[in-house]
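The structure comes first, then the reading of it.

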Amino acid sequence: MSSGPDDPPIERRSHLRSAVLKDGTIITEDATIRCSVRNQHAHGAELRVDPGVVIPDRFVLHVPADDARYRAVVRWRKNERLGVQIY
């Protein structure tokens with residue numbers, strides 16, 4: 001069965017993400033970098049950073065709205081967007 005142009009896109013994520021808009025801070029050994037959390041689930045999130053900011057593959061993500069710090073690993077990058085696994 002094939003999908004047509006009017007069919008909704010197929011969701012390939014293993015966890016559905018909820019759209020959010022939260023302030024966050026990426027914490028590395030050398031810097032703290034402001035970001036926004038654009039969608040999130042228990043195991044991951046999409047972050048937005050300023051264009052041109054270099055983000056390491058691993059960091060701590062502080063989200064004050066969640067009163068939490070997460071260990072994060074970058075799983076994908078596209079321009080100023082980052083997909084991270086959090087734990």
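## Strand 1 and its partners

Eight bridges connect strand 1 and strand 2 (residues 32–41), and the two run antiparallel. Strands here are DSSP runs (E, at least two residues), helices likewise (H or I, at least four), numbered from the N terminus. Two strands pair if DSSP finds at least two bridges between them. Strand 1 also pairs with strand 4, again antiparallel, over three bridges.

Thr-25 shows both pairings. Arg-34 in strand 2 stands opposite Thr-25. In strand 4, the bridge partner of Thr-25 is His-62.

## Model and confidence

This is a predicted model, in which local features need pLDDT of at least 70 and side-chain atom pairs count only at pLDDT 80 or more, while totals for chains, interfaces and linings use all residues. Residues are numbered from 1 along each chain as its sequence is written, and side-chain values use heavy atoms, with hydrogens and water left out.

The mean pLDDT (the predictor's confidence in each residue, from 0 to 100) is 87 for the chain, and 80% of the residues score at least 70. Confidence is highest in strand 4 (residues 58–63), at a mean of 98, and lowest in strand 1 (residues 18–27), at 93.

## Overall fold

The chain has six strands and zero helices. From the N terminus the order is β-β-β-β-β-β. The six strands form a closed barrel in the order 1-2-3-6-5-4, with antiparallel pairing. From one strand to the next, the twist averages 45°. The angles are taken between N-to-C directions, from 0 to 180 degrees, with axes as lines fitted to C-alpha atoms.

Among contacts (heavy atoms within 4.5 Å) with a separation of 6 or more, 41% join residues 24 or more positions apart. Of the 87 residues, 32% count as buried. Buried means under 20% relative accessible area, exposed over 50%, and partly exposed in between (1.4 Å probe, protein chains only). The accessible surface is about 6300 Å², and carbon and sulfur atoms hold 47% of it. That area comes from the Shrake-Rupley method with a 1.4 Å probe.

Which residues of strand 4 make up its covered face? They are Phe-59, Leu-61 and Val-63. Arg-58, Val-60 and His-62 make up the uncovered face. In a regular strand, side chains alternate between the two faces of the sheet.

Strand 4 pairs with strand 5 (residues 68–78) over six bridges, in the antiparallel sense. Val-63 stands opposite Ala-68 in strand 5. The two strands form a hairpin with four residues between them.

## Salt bridges

How many salt bridges does a search of the whole structure find? It finds four. The criterion is a side-chain nitrogen of Lys or Arg within 4 Å of a carboxyl oxygen of Asp or Glu. Side chains of opposite charge can pair when their charged atoms come close.

Asp-66 and Lys-22 meet at 2.6 Å, N to O. Asp-66 is partly exposed, at 26% relative accessibility. Lys-22 is buried, at 19%.

Arg-81 and Glu-46 form a salt bridge with their closest N and O atoms 3.0 Å apart. Arg-81 lies in strand 6 (residues 81–86) and Glu-46 in strand 3 (residues 44–48), 35 residues apart. Glu-46 is buried at 5% relative accessibility, whereas Arg-81 is partly exposed at 25%. Asp-57 and Arg-77 form a salt bridge at 2.7 Å, N to O. Asp-57 sits in the loop between strand 3 and strand 4, and Arg-77 in strand 5, 20 residues apart. Salt bridges that share partners join Glu-46, Arg-48 and Arg-81 into one network.

## Positive phi

Most residues other than glycine have a negative phi. Asp-67 has a positive phi, near 50°. Asp-67 lies in the loop between strand 4 and strand 5 and is exposed, at 74% relative accessibility.

Asn-79 also has a positive phi, of about 55°, and is not a glycine. Asn-79 is in the loop between strand 5 and strand 6. Its relative accessible area is 72%, so Asn-79 counts as exposed.
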